[in-house]
Structure formats: C-alpha cells, structure tokens
Amino acid sequence: MHKNKLLTYCILCLLLISIIVPIPITHAASFDSVVNTLAANTLETSNAQTGSGFFQQIFDLVFNKILGPVFNIFGGSSSTSSPSKNNPVTVKPLPPTSGTTLKNKIIVVDPGHGGSNPGAVANNTKEADNNLAVALKLRDKLVQAGAKVIMTRETDRTVAPEGSSLSKELEARVSLANSNQADVFVSIHSNSNSDPNIKGAMTFYPTGKSSALASAVENAVVVQTGAIDKGTSAANFHVLRNTSMPSTLVEMGFVSNQEEAAQLNSDSYRNKLAQGIFTGIVNYFNNN
Ligand SMILES: [Zn+2]
C-alpha cells in the first residue's frame, strides 16, 4: 500500500512538471500566433494547427475557453499592426437612437398662457392647465432623450411679471428662446371655437418660413392620438414671428368640443399628446 502511494505522488509530480514547463515555451511564440490560437473556434481546429497531445489540449482549453474571451475583449482596443484575418473582434457601431438625435439640442417648450391668463376655458377645461400638463410630460421625455430643455414656465403663472401687457408676456417667452440660442421653439396650446362640433389637432409655422417642424409635430400627434388631422397653417403669431430658430405652435384640440375637452382633461390622453409632440421633434431632427 505504501509503495503504491509513493508511486502515485511521483506520477502526480511528473504530471505537474509536464504542465508547467510547456507554458513558458508557448509564451515565447510571437503575438500573432498566440492571437491565431485564441481565434481558433474549437479544440479540433487548434489541434490541427499546433499538434495534438493531452497537455496541449489542457493548454488550449485554458486559453480558448477561459482566457480567450478576456483577451478578445482587450484585443478590440489594442489591435496590432498585423491583425489576424481570423480575429473575431469586431466593433459594430450602435444604431442611432432618439437619445443621440436629441443629444445636447436646446429645446424651448412653451406652455401657452398661465397665471392671470387662463386661455380658452370651456367644458370644465382650462387651456393653461392642459398646456402645462402636456408640456411637463414632454419636458421629461426630451430630457430623457438627452436634450437640454428650457421651459418658459413650469407652474401656473405668467412668464413676464404679473400684470405686464400681453406683448411683454409674449416677448418674455421669445426672449428665453433667442437668448439661449435654442435649436427649436415649441409652443403648446388648446383651441376653441364658437362651433362646439369642431374638433381636431392643428399646428402652425411662421409665415414665410419652413413648415417642416410643424408638419413633423402635426403628423406624429395625429398618429399618436387618433385626433382629426386639421393640418398645418402659416401664422403670424408673436412667438412664431419673433423667434430666430425653427418654431411651431401646436393646438392640441378644442376645449369647446365636449369630447375633446374630456380627453384634454385626462392623464392618458395628455401622455399621448406629449408622446406625439416628442416623436414629431425627434422626426424633425432626424430629417433636417
Ligand atoms: Zn392658446
């Protein structure tokens, strides 16, 4: 029994020496041949190139299956002057996302009215509240996508000091956009008409200037909400006329229409409106 035990120790020692000795020799090989070895997909392929053998298999196992993936990770950023043709390391560019489209874009979101100026009021709906609720949701989506968002107001208040004239109030909104050199200006409103049957979404662009931003917003809002598409129109509104960047004013729906008033009051419809305006802005930047 004792002799058998000694013999076993001897065999184990020989095995250990056989494993340790070949590794420094292999490490002396050129970097490219190591890369080739690492690039081999299977033990069989590797054996065909480097000769088979039990210890070679252990070595291949350790490097191909365990260290190989680690080497491959670093291989991408430290490529040599003569990379192996079989090197599996490839760096694929990520597809563009909405985040990259809006990254660092300066977007002014302007919820119409507020404070002492409630805008259109009908069917228990106040325009200023609808505008602000949608604008805040839009702000969050834009920020999430990497844009720099400037809100003309984030509470129920006027933008100019309370009691200022309407022209001063509108000029305060324009001034925020122009002084911050915004990329786009988006004003959010709710519509009203003496005919309670009229409903739908419509979007305005500055007279004599591009309708691209307005079209992108109108199309996406209609798709997102299912609202009647009342199209885009040129307009001479103060905030469109005086902003120096592409600007648009969206009338999301009619508070004078009972059905749309109820929708404008609801959180789920406000989410759809915000998502529609957001998608329109993304589409605009993707195509312009
Ligand atoms: Zn309005």
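This is a predicted model: local features need pLDDT of at least 70, side-chain atom pairs count only at pLDDT 80 or more; totals for chains, interfaces and linings use all residues.

Reader: How many helices and strands does the protein have, and what percentage of its residues count as buried?

Author: The protein has twelve helices and eight strands. A residue is called buried when its relative accessible area is under 20%. Of the 288 residues, the share that counts as buried is 37%.

Reader: Which residues coordinate the zinc ion?

Author: The spacing of the donor residues along the sequence is H-x13-E-x61-H. At 2.1 to 2.2 Å, the zinc ion is coordinated by His113 (NE2), Glu127 (OE) and His189 (ND1).

Reader: Is Thr152 buried or exposed, and with which side chain does its own side chain make a polar contact?

Author: Thr152 is placed in the loop between strand 4 (148–151) and helix 8 (166–179). Its relative accessible area is 1%, so Thr152 is buried. Beyond four places in sequence, Thr152 touches several residues, including Val108, Pro111, Arg157 and Leu176. The polar contact of its side chain, at 2.7 Å, is with the side chain of Asp110.

Reader: Which residues of strand 6 point one way, and which the other way?

Author: In a regular strand the side chains alternate between the two faces of the sheet. Strand 6 (residues 201–206) is mostly covered, with six of its six residues buried. Ala201, Thr203 and Tyr205 point one way, and the other way point Met202, Phe204 and Pro206.

Reader: In which sense do strand 6 and strand 7 pair, and what is the bridge partner of Pro206 in strand 7?

Author: Strand 7 comprises residues 229–235, and five bridges join this strand to strand 6 in the parallel sense. For Pro206, the bridge partner in strand 7 is Ala235.

Reader: What distance separates the C-alpha atoms of Lys105 and Ala147?

Author: Lys105 lies in the loop between helix 6 (98–102) and strand 1. Its relative accessibility is 25%, so Lys105 counts as partly exposed. Leaving aside neighbours within four places in sequence, Lys105 is in contact with Ala147, Lys148, Asp183 and Phe285. Although Lys105 and Ala147 are 42 residues apart along the chain, their C-alpha atoms are separated by 4.9 Å.

Reader: What is the phi of Asn104, and what is the phi of Gln181?

Author: Most residues other than glycine have a negative phi. Asn104 lies in the loop between helix 6 and strand 1, while Gln181 lies in the loop between helix 8 and strand 5. Asn104 is partly exposed, with a relative accessible area of 45%, whereas Gln181 counts as exposed at 66% relative accessibility. Neither is a glycine, yet both have a positive phi: for Asn104 about 65°, and for Gln181 near 50°.

Technical notes
Residues are numbered from 1 along each chain as its sequence is written. Side-chain values use heavy atoms; hydrogens and water are left out. Helices (H or I, at least four residues) and strands (E, at least two) are DSSP runs, numbered from the N terminus. Buried means under 20% relative accessible area, exposed over 50%, partly exposed in between (1.4 Å probe, protein chains only). A polar contact is a pair of N or O atoms within 3.5 Å; within protein, one must be able to donate a hydrogen and the other to accept it, and residues adjacent in sequence count only if both atoms are side-chain atoms. Contact means heavy atoms within 4.5 Å. Donors are N, O and S atoms within 2.8 Å of the metal (3.2 Å for Na, K and Ca); water is not among the atoms, so sites may look incomplete. Two strands pair if DSSP finds at least two bridges between them.
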